[in-house]
Amino acid sequence: MPDAASIKARIEAGIPGSSAKVDDWTGGGDHFRAVVVAEAFSGLSRIQQHRMVYEIFGDEIGGPIHALSLTTQPARSS
Amino acid sequence: MSDQQDNPIRQAIADAIAENDVILFMKGSPEAPACGFSARTVGVLQALDTRFAAVDILPDPRIRQELSALSQWPTVPQLFVRGELVGGCDIVTEMFETGELAELLGAQDVALASEPAVADGSLVQIENRLS
């Protein structure tokens, strides 16, 4: 069963330089909520930003991960 | 399988998207959503007085599979405006809160300019087009 910590680790590994905050929304291990900040998002539409995150999980979304609610933000390069 | 001509479900989905300026693929119907995310998305569209077509993806699991293959988007609901995927519940809600959704829907006066094939709230029945 996925957990918030492993989802956070996979997002951060899948999108280099990103920072993710992940909550288990219901405590049931299948509805998660993530806020992801990444420089890689800059210049992309919301759809494209969310797709980058969804692509990390492939078929698991809608399967073991019933829902992954996303908020994505481009990071300002420092 | 990937050939659209040999794939009546995917073709029916593509046709429905092309024929309806605002179309929501959801679980359940606007009157009886079968999922909280679908319910929230319907609520946003209703709050904006948007006229939209709806497709219930639950009657046949292939609808969901083909929709995601077509849109490259893994989850449901999915909102399309003028043929373009806007997003799911998260993006629609965020765009509602920022006013971008009202702008998108109102920009060309979608609700009034188009004559949708279906009346408010009625379902586009993808599966009925297959037989």
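In chain B, Val81(B) stands opposite Glu84(B), a residue of strand E4(B), and the two strands concerned, E3(B) and E4(B), pair in the antiparallel sense over 3 bridges; two strands are said to pair if DSSP finds at least two bridges between them. This is a predicted model, in which local features need pLDDT of at least 70 and side-chain atom pairs count only at pLDDT 80 or more, while totals for chains, interfaces and linings use all residues. Residues are numbered from 1 along each chain as its sequence is written, and chains are lettered from A and ligands numbered from 1 in the order in which they are written. Helices (H or I, at least four residues) and strands (E, at least two) are DSSP runs, numbered from the N terminus.

The axes of H2(B) and helix H4 (residues 89-98) of chain B come within 9 Å and cross at roughly 30 degrees. H2(B) and H4(B) are therefore roughly parallel to each other, given that angles under 35 degrees count as roughly parallel, over 145 as roughly antiparallel, 65 to 115 as roughly perpendicular and the rest as oblique. Their contact (C-beta atoms, placed from the backbone, within 7 Å) is made by Phe37(B), Arg40(B), Thr41(B) and Val44(B) of H2(B) together with Cys89(B), Val92(B), Thr93(B) and Phe96(B) of H4(B).

A further helix of chain B, H3 (residues 61-71), has Ile63(B), Glu66(B), Leu67(B) and Ser68(B) buried; a residue is buried if 20 or more other C-beta atoms lie within 10 Å of its own, exposed if 12 or fewer, and partly exposed in between, with C-beta atoms placed from the backbone. The cover over these buried residues of H3(B) includes helix H1 (8-19), strand E1 (22-26) and strand E3 (78-81) of chain B. Just after H3(B), Gln72(B) takes a positive phi of about 60 degrees.

Chain A also has an open sheet, formed by 3 strands in the order E1-E2-E3 with mixed pairing. Strand E1 (19-24) and E3 of chain A stand at its edges, each with a single partner strand, so one side of each has no neighbour in the sheet. E1(A) pairs with strand E2 (residues 31-38) of chain A in the antiparallel sense over 6 bridges, and the bridge partner of Lys21(A) in E2(A) is Val35(A). H2(A) lies across E2 and E3 of chain A, running at about 130 degrees to E3(A).

Where the chains meet, the contact takes 11 residues from chain A and 8 residues from chain B. On the side of chain A that touches chain B, the elements giving two or more residues are helix H2 (46-57) and strand E3 (67-74) of chain A, and the largest share, 5 residues, comes from H2(A).

Methods:
Two residues are in contact if their C-beta atoms, placed from the backbone, lie within 7 Å. Axes are lines fitted to C-alpha atoms, for helices over the stretch in contact, and angles run from 0 to 180 degrees between N-to-C directions.
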